[in-house]
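Hi,

Here is the structure I promised to pass on. Have a look at it first, and then read my notes below.

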Amino acid sequence: MSGVMGEDGLVPRARSRLPVVCSAGLGLLMLLVAWLLDPARFSDRAGIIIFCITVETFIHSMCLLAEEWLFHSKQRYHGKINKIFQACFRRHVVLGMCPICLLVLWKISFSGEQKSTIALMCAVSLLLKSSGFLGPAPVEISEICEMKKMNVAHGLAWSFYLGYLRFLLPDLQNKVIQYSSTKGKLSSPRLHILLPLNARVPTKPEDEDTNVIFSENLPELERDTAGVRKRSYKNSVYKITQDRETFSCVLEYATPLLTLYQMSHESSAGFGENERKQQVLLFYRTLSQILEDSLECRNRYRLILLNDEHTGDPHYLSREIIQHLKQQDREIHMNPIQELPNEVHPVPEEGPIRNFNGAHHPEDPISNDPTLMFSQPHSLRSEPVETTDYFNQPNNATR
């Protein structure tokens, strides 16, 4: 297993609808078998079973309502009965009780055997549910938490982005330019964020690998945050050596992983080692999605997922960082802050090419060689939009 794990290799993907499809298919198949075995009584038995399940679910919801109404109405629901009902009764239960109430009003009678079957099924279902036998499986609980964004990793990833990366990454390139003008060019202008799978974050990267050496800090970023005036944020530059070759980059560990590590050692947190590893992987996946969707942060970072099964290799960390740096050299680099060259002139409104002072310039010959142009990524906030239609100008001839 390689040290740097890709999303296909280790990071869990979102669960599909395969269990639902399989359950629905098997359910339809069993309905067909039941109909073939006893087609004469199929509709009556199916109706009784649906009746029993609906009544049992309604009784269970009433038990939930009693708990919430008697002990939690003020603290959790501010005394609003409609919110208590919404929390205890699912919509399909209420809809299912409507025809049952109509049957009761119409005084439809059941035979003694049917009444006994209804009572027995409801009793068995309630007992099994109260004992936890019919409760959700751990996989179902995990899926619900992921869909509702209720995991610890989701909150930590959003906190790391909103409270740190969202305003630091857009300003990082300016800091790198200031550093490079006096100290030399870095191997990569991106922020490299280390995410060890075991969530163990050392105080210094040098403690993990002697080939990773601290160089100095980038210029600080100061901003007023949560009542703290001029709170300081800064990043550190490290030099990584391997085979007489030296690289340099901005490097740091993901500090929220330290919270996961400490939680796994607190008995009151109910957070074991297995849960910790899953939360690290979810943190990596969530943070990747958040940063990829952010125009201000895209292409300004590099997430490095580190394997925790590298015992015996003292230079594992430096090898993985250098592997990412070399991989970036093979990628197409687009500088989002790069200014256009001075010789590029604005598009003329009409006639020969003019500058803003009205001076004429001879028209440049048009090259027949195709060119590939990349648009620069910008934030969608308060960006001016050019709406002039040059193609419909009366004096703009097609060349």
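**What I found**

Of the 399 residues in the protein chain, 30% are buried. Keep in mind that this is a predicted model. The chain has 11 helices and seven strands. It exposes about 27,400 Å², with carbon and sulfur atoms supplying 57% of that area. Among contacts with a separation of 6 or more, 70% are between residues 24 or more positions apart.

**The cores**

The largest nonpolar core has 56 residues, and the ones with the most contacts inside it are Leu165, Leu169, Leu195, Leu257, Phe283, Leu291 and Ile321. Several elements give two or more residues to this core, including helix H8 (152-183), strand E1 (191-196), helix H10 (273-293) and helix H11 (316-329). H8 brings the largest share, 13 residues. Apart from this core there is another one, of eight residues, with Ile48, Met97, Ile118 and Cys122 among them.

Leaving out residues up to four places away in sequence, Leu257 touches Leu194, Leu195, Pro196, Ala199, Val201, Val280 and Phe283.

**The rings**

How many aromatic pairs does a search of the whole structure find? The count is eight. In one of them, Phe85 and Phe89 have ring centres 5.5 Å apart and planes at 20°, so they are stacked. Phe85 is partly exposed, at 39% relative accessible area, whereas Phe89 is buried, at 10%.

Phe214 and Tyr238 have ring centres 5.6 Å apart and planes at 70°, so this pair is edge-to-face. Phe214 lies in strand E2 (residues 212-217) and Tyr238 in strand E5, so the pair ties together parts that are 24 residues apart in sequence.

**The charges**

There are nine salt bridges in the structure. Here are some to look at:

- Lys234 and Glu220 meet through their side chains at 3.9 Å, N to O. This pair links distant parts of the chain, 14 residues apart: Lys234 is in the loop between strand E4 (228-233) and E5, and Glu220 is in the loop between E2 and strand E3 (221-225). Lys234 is partly exposed at 44% relative accessible area, and Glu220 is partly exposed at 40%.
- Asp38 and Arg45 form a salt bridge at 3.9 Å, N to O. Asp38 is partly exposed, with a relative accessible area of 22%, and Arg45 is partly exposed, with 43%.
- Glu292 and Arg298 form a salt bridge, with 3.9 Å from N to O. Glu292 counts as partly exposed at 40% relative accessibility, and Arg298 counts as partly exposed at 28%.

**The surface**

Which residues make the nonpolar surface patch of about 740 Å²? They are Leu26, Leu29, Leu32, Val33, Trp35, Leu36 and Leu37. Leu32 sits in helix H1 (residues 18-37). With 45% relative accessibility, Leu32 counts as partly exposed.

Cheers

Technical notes
Residues numbered from 1 in each chain as written. Predicted model: local features only at pLDDT ≥ 70, side-chain atom pairs only at ≥ 80, totals over all residues. Heavy atoms only, no water. Patch = residues over 30% accessible without salt bridge, like charges linked within 9 Å, V, L, I, M, F, W, Y side chains within 5 Å. Areas by Shrake-Rupley, 256 points an atom, 1.4 Å probe, with all protein chains shown as cover. Salt bridge = Lys/Arg side-chain N within 4 Å of Asp/Glu carboxyl O. Helix = DSSP H or I, 4+ residues; strand = E, 2+ residues; numbered from the N terminus. Buried < 20%, exposed > 50% of the residue type's maximum accessible area, 1.4 Å probe, protein only. Core = buried A, V, L, I, M, F, W, Y, C linked by side-chain atoms within 4.5 Å. Contact = heavy atoms within 4.5 Å. Phe/Tyr/Trp six-rings, centres within 6.5 Å; stacked < 30°, edge-to-face > 60°.
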